[in-house]
Amino acid sequence: MLTRLSPLSELATRLRTAGFPLAADWRAVDGWFRPWAAQPGLRDELRSRLRALSSAQAAKVLRSSRETTTHFAWCLLDSPSDPFSFWLHEYKAQEDWREGYADSVHNHRYHFCTTILRGDYLHERYETTIDAGTGLIASARLRRRTLCQAGACATMLADEFHRIPEAAAGTMTFLVKSRPVSSFSLSFDPASGIGHRHVPVEARLGELADRI
């Protein structure tokens, strides 16, 4: 889908030719991502790319994208041969949020870098205590709260925990994700003190017949 020299093709080429497993040194990716994201024209590139999608390309984006309780996650590039994927997150209006995703304390199965294209959100980072018996989050302590605005960049490793309790209507972010480095992720509701373990549906297929 990347057919010309552009901000997206430049980043994709850099990642494909890194010369080391990306997930093993995601801080290096962060070092490339921040100056790349500061280049002018990224929003124009994304806008042009979406407008130029063929019917087949649009269908592929739709098949790979999904809706969460707090935002729409649009998959822009996800080739099985690449050790990364590109995403666009479109945050819903706050009144349309339902509890349980970005607004919970959580980590991810993958590392990622992100930049805010428009809008802003409140970003919180946490330290967590994991219960040795259940493997779930038992408690979470706020480390830092930051109002992140357009142009801001952040990197999250899979073992780090964060929360986005608020986002301005129309906020959009671009993300580059590593391939999963864990088979599950964890979340924690600060209000109820209840933790959850999340296993992706594709990981459950092998045992599906045994559960019937």
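Contact is taken here as heavy atoms within 4.5 Å. The structure is a predicted model, in which local features need pLDDT of at least 70 and side-chain atom pairs count only at pLDDT 80 or more, while totals for chains, interfaces and linings use all residues. Residues are numbered from 1 along each chain as its sequence is written, and side-chain values use heavy atoms, with hydrogens and water left out.

Helices (H or I, at least four residues) and strands (E, at least two) are DSSP runs, numbered from the N terminus. Buried denotes under 20% relative accessible area, exposed over 50%, and partly exposed in between (1.4 Å probe, protein chains only). In helix 2, Trp26, Val29, Asp30, Trp32, Phe33, Trp36 and Ala37 are buried. The cover over these buried residues includes helix 1 (7-16), helix 3 (42-51), strand 5 (112-118), strand 8 (153-156) and strand 10 (172-178).

Rings of Phe, Tyr and Trp (its six-membered ring) pair if their centres lie within 6.5 Å; planes under 30 degrees apart count as stacked, over 60 as edge-to-face and the rest as tilted. Nine aromatic pairs occur in the structure. The ring centres of Phe33 and Trp36 are 5.6 Å apart with planes at 35 degrees, so this pair is tilted. Phe33 and Trp36 are separated by about one helical turn, because they stand three residues apart in helix 2. Phe33 has a relative accessible area of 1%, and Trp36 one of 5%. One aromatic cluster is formed by Phe33, Trp36, Phe84, Phe86 and Phe174.

His108 lies in the loop between strand 4 (105-106) and strand 5, and is buried at 12% relative accessibility. Leaving aside neighbours within four places in sequence, His108 is in contact with Ala158, His162 and Ser185.
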